[in-house]
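Please read the following report alongside the sequence and the structure, which are shown first. The text then takes up a few topics in turn.

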Amino acid sequence: MSLANLRLHGDAVVARLTAVGLVVGDGTAPTTAYGLRSDDTFIPWVVVYPVPGTFDGTLEASWDDADLVYQATCVGDTRAACMGVEDMVNAALLPAGSLTVSGRAIQQVRLDLGGGVRRDDTAKPPVFISTPRYRISSTPA
Amino acid sequence: MSVNIDFSEFEGMADLLRAEGPKVAVLTHAATIAVGGQVKARAKAAAPQDRPWLSTDGIFVKTRKDELGSHSDIFTVDDPEGRPSAIWVEYGDHNTPPQPFLAIQSQWAEAAYPAAIAAKVDPLR
């Protein structure tokens, strides 16, 4: 049996998004500079959250194959900035070979749910967010 | 390594549809109603308990049948103040984590729905 190491998969998603230049929060808002700055510039960001996924496999190894789902909450000060972050996340995660996890073969990363921007008035001033979800199919290497 | 693709199940289903089409449609609709109800129940159970409105009065199921087949929509409605709060619970906001309760049920239904149809239809074989 070779159960998917959940932490390593989450680490791979965060590392990949960081590598393409995004300001990334790992389960919480990022700790590096983001948001509205005192000089009126706004630095968009993305937060990665693991969402419940599914496990499957053979009779011998019932849980070896994992479909792990992550939400990337993309945040910008405008609709365009928000969608720009989402485009960067798509470009970073969706191509074949974008993620590597030790001991595992990542068969596919697919967009489980994407598109759609909402104005978030809980922030002052308001921000725009989109919340695409990605399904990562992982099997023992 | 080899890959064995067995189409016998499909052929059997095609024969069954030719012979018992109307019965299969009725049984499929019954399965749709059952699974739709189960998805709603699962979503209610998964909804945050600190928002009792959502788990008790915020989630609905609507099942219909048309020329394309049976459909079950499980959906949320605006809260008593007229706000679409369910979407903010499901996906979070710029600073609040998502609390998935509805979208994740599709993963369960992907397997449960075909199994429910098979359970209803298989006795006709």
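Among the elements of chain B, the lowest mean pLDDT, 86, belongs to helix α1 (residues 8-46) of chain B, and the highest, 93, to helix α3 (residues 85-91) of chain B. This is a predicted model, and chain B as a whole averages a pLDDT of 87, with 93% of the residues scoring at least 70. For the model, the scores are ipTM 0.90 and pTM 0.86. Where pLDDT is low, predicted coordinates should not be read in detail.

Chain A contains 2 helices and 9 strands, and its elements, followed from the N terminus, run α-β-β-β-β-β-α-β-β-β-β. The C-alpha trace of chain A spans about 60 × 25 × 25 Å along its principal axes, and of the 141 residues in chain A, buried residues make up 43%. In the segment before α1 (6-19) of chain A lies A:A4, which counts as buried because its relative accessible area is 7%, under the 20% limit. Although A:A4 and A:R104 are 100 residues apart along the chain, their C-alpha atoms are separated by 7.5 Å.

Aromatic rings give a further view of chain A. Over all chains, the count of aromatic pairs comes to 3. In one of them, the rings of A:Y34 and A:W45 have centres 4.6 Å apart and planes at 65°, and because an angle over 60 degrees counts as edge-to-face, the pair is placed in that class. This pair links distant parts of the chain, 11 residues apart, with A:Y34 in the loop between β1 (24-26) and β2 (35-36) of chain A and A:W45 in strand β4 (residues 45-56) of chain A. Ring pairs also link A:Y34, A:F42 and A:W45 into a cluster.

Is A:W45 buried or exposed? At 4% relative accessibility, A:W45 counts as buried, whereas A:Y34, at 26%, counts as partly exposed.

The cysteines can be considered next. How many disulfides are counted over all chains? The count comes to 0.

| Residue | Relative accessible area | Class |
|---|---|---|
| A:A4 | 7% | buried |
| A:Y34 | 26% | partly exposed |
| A:W45 | 4% | buried |

Helix α4 (residues 105-121) of chain B has 17 residues, which at 1.5 Å a residue should span 24 Å, and its end C-alpha atoms are 24 Å apart, so the two values agree. Within α4(B) there is a bend of about 30° at B:A111, and a proline, B:P114, follows within four residues. The buried residues of α4(B) are B:Q105, B:Q107, B:A109, B:A112, B:I117 and B:V121.

How values were computed: Residues numbered from 1 in each chain as written. Chains lettered and ligands numbered in written order. Predicted model: local features only at pLDDT ≥ 70, side-chain atom pairs only at ≥ 80, totals over all residues. Heavy atoms only, no water. pLDDT = per-residue confidence, 0-100. Phe/Tyr/Trp six-rings, centres within 6.5 Å; stacked < 30°, edge-to-face > 60°. Buried < 20%, exposed > 50% of the residue type's maximum accessible area, 1.4 Å probe, protein only. Disulfide = S-S within 2.5 Å. Expected span 1.5 Å × (residues − 1). Bend = angle between axes of the 7 residues up to and from the residue.
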